Amino acid sequence: MSPSNELTLSREDIVRLCERVEGAQTRAYAIPKLTDEYPAMTIADGYAVQSELRRRYLAQGHRLVGWKAGLTSKAKMQQMGVDVPSIGFLTDRMARPESSAISMADLVHPRAECEVAFVMKKDLHGPGCTREDVLDATDYVLPAVEIIDSRYSGFKFDLASVIADNGSSARFVGGGRARYVEELDLRTLGVVMEKNGEMVAMGASAAVLGHPAEAIAMLANILADMGEHLPAGSFVMSGGITEAIPVKPGDSIVARFQELGSVSMRFV
Amino acid sequence: MNEEKIRQYGDELFDAWRERRTVAPLLEREPDITLDDAYRIQLRYIERRVQAGEKIVGKKIGVTSKPVQDFLGVFQPDFGQLTSGMVHQEGDVIDLGSLIQPKAEAELAFVLKHDLQGPGVTAMDVIRATDYVVPCFEIVDSRITDWKIRIQDTVADNASCGVYVLGKTKGDPRKLDITLAGMVLEKNGELHSTGVGAAVQGSPANAVAWLANTLGELGIPFKAGEVILSGSQSALVPVVDGDELVCTVGGLGSCRVKFSGRSAV
């Protein structure tokens, strides 16, 4: 196995895998994880495929609106069998308004999770970004629900494959109440997710790497590894506080956050 | 169950508590024991502790989360009595030698300024009657061998209450979202688990209302000044010599507890 920071895929492999992932994302079908065919695939290979995917979407006119940190809680890492967090990009095509009906026709097997989202007012450049740097660069925070949807059969994957699939990013809903970070204890915010009126997941924001801003710092540092930065105006999701809950047509989700209000949506 | 057997089992649990040892599950020996019998055994056990010099200072609510209710096959919480011998102050080091098979859980405690008389008490009445809330740890302990409890065993054994520690940061439930306040539990400086008030019966105030109504039906008073531990918002944490736990309730504050020595089991 190669070190995780080493590229093993050729340019042709990267383009081919990218097309495979793009097809699965666009037409909503499940594919075997990429490492079945490329067992030596590294994390760097995964990000190479993801970057190619981003390039292609932006060339098609999608707008990059921000980033997401994924696999940031111990529970999530165990659930998915991986041991480091990951990042993915967010475009305008993935955004859905609060209180809307989200179509499941173009999703494979989506799951919803509660997150604290950050909106940046300053550029953030890694490496070496800290929690304090993140808080200093934040315009405001708000509650969000991320709808993840792995394009891999059975939601089964390894880190290289999930990164190539853009961290399972599918849809996101920001809402609730915007707040200044100085007015909150971002470590102890309680969260409850309800599905069809029943509580299905609970936690507090420390579940995300001890403090959600740590996840944003980690994200900025991974971007720096790729020669990029987090620009002012970015919308950034810090990772699931609760486990991800499967949804089906007819389900209604409400995420309730201490101090930040709630975010709701239904699936059709 | 006749009065003689109630006394016998209550006395047996009192002796087990005093001598720091466990007894076989009661339900294994008395398959027909009812929940009502179990509460009568609890009252006998507590009567013995009061006769031995302790005072009743409050109540604890247990079995408040859905996973624990599913595990025990019940649809409602249970309760036990807090006595003066169970009280520890924040900053105390708890001697595990005084316990049998302890585990810690993080909770929100209520202190009442008015009596609550059920039945008919709602969560709104609870907020009105509350003087303040504080973060706390309950150290649960079981006098039943290997924690092999069914609901009747734990109820008879005073809802598996061991000792408890109240934090010092008092909050007004009118200024704090007790339902959505996060609970962060750290063990020896590392994040252990997180939770939220809603894990307890949808809100800790619902659990206290349930208790007021249940006590009302049993004719047990629920008095101003009493401490009520409203139910666990965390996972159960086994504790050993040298462990330090901190729980933090979002918007309220923390409670810290240290342990030394060895428990009986």
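## Salt bridges and the A–B interface

B:D37 and B:R40 form a salt bridge, with their closest N and O atoms 3.3 Å apart. The model is predicted. Both residues belong to helix 3 of chain B, and because they are three residues apart there, about one helical turn separates them. B:D37 counts as buried, at 6%. B:R40 counts as partly exposed, at 27%.

The side chain of B:R48 meets that of B:D11 in a salt bridge, at 3.0 Å from N to O. Is B:R48 buried or exposed? B:R48 is buried, with a relative accessible area of 19%. B:D11 is buried too, and its relative accessible area is 19%. The cut-off for buried is under 20%.

**Salt bridges across the structure**

| Residue | Partner | N to O distance |
|---|---|---|
| B:D37 | B:R40 | 3.3 Å |
| B:R48 | B:D11 | 3.0 Å |
| A:D36 | A:K33 | 3.1 Å |
| B:E186 | A:R187 | 3.5 Å |

In chain A, the side chains of A:D36 and A:K33 meet in a salt bridge. A:K33 is partly exposed, with a relative accessible area of 28%. Chain A also has a network. A:R11, A:E19, A:E22, A:E52, A:R55 and A:R56 are linked in it by salt bridges.

**A buried aspartate with no salt bridge**

B:D78 sits in strand 2 (residues 78-83) of chain B. B:D78 is buried yet has no salt bridge. Which side chain of opposite charge is nearest to B:D78? That is B:K60, 5.5 Å away. Leaving aside residues up to four places away in sequence, B:D78 touches several others. Among them are B:Y39, B:K60, B:I61, B:G62 and B:V63. The contacts also include B:I151, B:T154, B:V155, B:A159 and B:W210.

**Where chain A meets chain B**

In the interface, 17 residues of chain A are in contact with 17 residues of chain B. The two chains bury about 1,300 Å² between them. Of that area, 64% is on carbon and sulfur atoms. Within chain A, the residues that lose the most area to chain B are A:R187, A:T188 and A:Q258. Together they account for 33% of what that side buries.

One salt bridge is counted between chain A and chain B. In it, the side chain of B:E186 meets that of A:R187, at 3.5 Å from N to O.

Which strands of chain A each supply at least two residues of the side that touches chain B? They are strand 7 (190-195), strand 8 (198-204) and strand 11 (252-257). Strand 8 gives the most, with four residues. By class, this side of chain A has nine nonpolar, five polar and three charged residues.

Terms used
Residues numbered from 1 in each chain as written. Chains lettered and ligands numbered in written order. Predicted model: local features only at pLDDT ≥ 70, side-chain atom pairs only at ≥ 80, totals over all residues. Heavy atoms only, no water. Buried < 20%, exposed > 50% of the residue type's maximum accessible area, 1.4 Å probe, protein only. Lys, Arg positive; Asp, Glu negative; His and termini not counted. Salt bridge = Lys/Arg side-chain N within 4 Å of Asp/Glu carboxyl O. Contact = heavy atoms within 4.5 Å. Buried area = accessible area lost by both parts, 1.4 Å probe. Nonpolar A, V, L, I, M, F, W, Y, C, P; charged D, E, K, R; others polar.
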